[in-house]
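Me: Got a model open here and want to talk through a couple of spots. Can you help me read it?
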Amino acid sequence: MESSPLISAGLPVALFIIMIGIGMTLTVRDFRQVAVYPRGMVVGTIAQIFLMPLAAFALAYLFGVSPAIAVGLVIIAACPGGTTSNLFVLLARGNIALSIVLTVVASLITIITLPLFANMALQHFMGTAEDISLPVGKTIGMLVGIVLFPVALGMIVRTRKPELARKAESVVSIFGGVVLAVLIVALLFGVRDQIGDLLKQAGPSTIMLNVVGIVLGLLAGRAAGLTQRESLAVAVELGVKNATIGLMVTLTLLESSAMSIPAAVYGVLMFPIGFLLAVYGRSIIPKSNVQTTASQPID
């Protein structure tokens, strides 16, 4: 499953612009709040790093998938949240600062944990092991270039021109929604000849993994006493994975097209499911709550 030029070239540019807009909705206070009250970060990180791969092991047995599909399922579950998760959190009116922190923290931690879980799956399902290492420099560069730098730019704009930042918020949401809609269409079009076969091989287990991640995030957030906005951020981070990393591990490092099927299916289906989660978030969280929370001082 290869990315079309629209996705490989256009998506990073669109995400860069969107992250600037997201930065315009944030202040240093928002990130201070995550640091002062780190429960959401701890809950989200543990769920994303450890619980999701364990859920994938369980689903592989539940659905009786082939060994290669089982390994691929564990690998996509062990991947961190993608940068587009921050956009979904914005659309869902979740806690964007928490989402960004979870994206960065999980992406750095999975440099170590993803190879560990991948080898556990290989040994358990196929009786083999591979020397897997993720590109540390490339991962950090991606986080700085597509997440941290544009968000910092947006926060600077908000500090210097708050009125412009307030006007940009609705524009960013509309632009983000359009980008996601175009992306969904492009992804479906790109696999139009394979989608039936892909869904047949890994569809049920992969869809269930996505749903389990979202439900797990919401339940873990509620159990830990997180706010609705924090729980939504955790749920999106667990449900919207960086499928590109999953494809890189399975196709480039493991050289297995069969193992790449779960990542390919997940990379397509997480967008419409995530979009539904965004609609759900907007239905339960009034816009006024987002603005009120952002303006509250920290005790």
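Me: At what angle do helix 5 and helix 10 pack?
Reply: About 145°, with the axes of helix 5 (residues 84–92) and helix 10 (residues 228–239) 9 Å apart. Axes are lines fitted to C-alpha atoms over the stretch in contact, with angles from 0 to 180 degrees between N-to-C directions. Helices are DSSP runs (H or I, at least four residues), numbered from the N terminus. It's a predicted model: local features need pLDDT of at least 70, side-chain atom pairs 80 or more, while totals for chains, interfaces and linings use all residues. Residues count from 1 along each chain, and side-chain values use heavy atoms, without hydrogens or water.
Me: Which residues of helix 5 meet helix 10?
Reply: Ser 85, Asn 86, Phe 88, Val 89 and Ala 92, touching Leu 232, Ala 233, Val 236 and Glu 237 of helix 10 (contact means heavy atoms within 4.5 Å).
Me: New topic: where is Ile 207?
Reply: In helix 9.

Conventions:
Helices (H or I, at least four residues) and strands (E, at least two) are DSSP runs, numbered from the N terminus.
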